[in-house]
Amino acid sequence: MKFTRREMLITGLGLMVAGGTGCTQTPTSLTRRPGTPWPGSISQPTHANAAARTVAAPQPAQPYRAPAAVGPPGFRPRSWWTRSGPIRSKVNPMKGVSRITVHHEGHTPVWFTDEQSTKARLEQVRNIHTRDRRWGDIGYHFVIDRAGRVIEGRNIAYQGAHVSNQNPHNVGVMLLGNFEKQSPSQAQLTALQSTLRHLMAKYRVPVRRVYTHRELGPTVCPGRNLQPRVASLRTNGGLA
Ligand SMILES: [Zn+2]
């Protein structure tokens with residue numbers, strides 16, 4: 001991403017006001033004219049309260065050893081984009097996977113495909129989730145960028161923070177972009193399919209337990225241009 005300093009400030013401020021990741025947005029935000037800064041008037045995040053709100057405890061001194069990274073073939077482990085671990089006092093163990101939920105990021109449309117921009121965007125999302133939302137880590141377990149890279153977000157050993165009140169045993173997969181305003185790339189759709197198939201096989205999740213965010217709560221996420229693609233994947237045998 002090549003943001004000017006001012007754009008970064010505006011974006012940072014706006015994201016905070018908007019209440020977390022873009023897939024928390026309410027439909028009101030979608031009336032925003034293209035090119036305008038994030039509106040300060042958005043004050044009603046929907047799934048922004050998704051995370052467990054554990055009070056921070058002092059961090060123990062022993063070094064953190066990350067659980068093994070698990071993902072589809074070719075995925076990038078978390079160490080690809082950050083050296084930070086989760087705030088362990090604020091994350092809960094997953095204790096088994098029984099469903100998967102697909103999201104879009106939902107902020108400004110994403111057209112970049114280079115590694116550095118993806119890494120910067122992931123760090124931005126993690127900052128919003130940990131600093132502004134006060135969650136224990138980036139909310140999603142996997143992120144798929146526009147080039148089709150599959151990247152580990154929150155380690156799957158930990159419960160995510162991506163669907164209000166429905167995070168237990170729920171793997172969150174987020175595609176970078178705003179699919180109310182753009183369409184996912186073919187590379188993203190291919191990577192989404194292989195990621196879902198991998199997770200379904202590994203954790204024995206049936207196709208009826210693969211959801212989109214809007215199917216579980218009041219949100220437009222994952223956007224009108226991704227929702228039907230997930231729906232057809234479920235019915236055309238693409239996840240069989
Ligand atoms: Zn979402």
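Among contacts in the protein chain between residues at least 6 apart in sequence, 76% join residues at least 24 apart; two residues are in contact if their C-beta atoms, placed from the backbone, lie within 7 Å. The model is predicted: local features need pLDDT of at least 70, side-chain atom pairs count only at pLDDT 80 or more, and totals for chains, interfaces and linings use all residues. Residues are numbered from 1 along each chain as its sequence is written.

The protein chain has four helices and five strands. Helices (H or I, at least four residues) and strands (E, at least two) are DSSP runs, numbered from the N terminus. Their order along the sequence is α-β-α-β-β-β-α-β-α. The protein chain has 240 residues, and 43% of them count as buried. A residue is buried if 20 or more other C-beta atoms lie within 10 Å of its own, exposed if 12 or fewer, and partly exposed in between, with C-beta atoms placed from the backbone.

Strand β1 has pairing partners, and two strands pair if DSSP finds at least two bridges between them. One partner is β4 (residues 170-175), which runs parallel to β1 and is joined to it by six bridges. Within this pairing, Thr101 stands opposite Gly172 of β4. Strand β5 (residues 210-212) also pairs with β1 in the parallel sense, over three bridges. Here Val102 has Thr212 of β5 as its bridge partner.

Leaving aside neighbours within four places in sequence, Thr212 is in contact with Thr101, Val102, Pro222, Gln227 and Val230. Thr212 and Gly223 are eleven residues apart in sequence, and their C-alpha atoms are 9.6 Å apart in space. Pro222, one of the contacts of Thr212, belongs to the loop between β5 and α4 (227-235). A cis peptide bond, with omega of about 10°, joins Cys221 to Pro222.

Next comes helix α2. It runs over residues 115-132, and its 18 residues reach 25 Å from the first C-alpha to the last, close to the 26 Å expected at 1.5 Å a residue. The expected span is 1.5 Å times one less than the number of residues in the helix. An α-helix has 3.6 residues a turn, so residues three or four places apart point the same way. The buried residues in α2 include Thr118, Leu122, Val125 and His129. Just after α2, Arg134 takes a positive phi of about 65°.

Two other residues with positive phi lie in loops. His169 has a phi near 60°, a positive value in a residue other than glycine, and is placed in the loop between β3 (150-152) and β4. His169 counts as partly exposed because it has 17 C-beta neighbours inside 10 Å. Arg204 is not a glycine either, yet has a positive phi of about 55°. Its place is in the loop between α3 (186-203) and β5. With 10 C-beta neighbours inside 10 Å, Arg204 counts as exposed.
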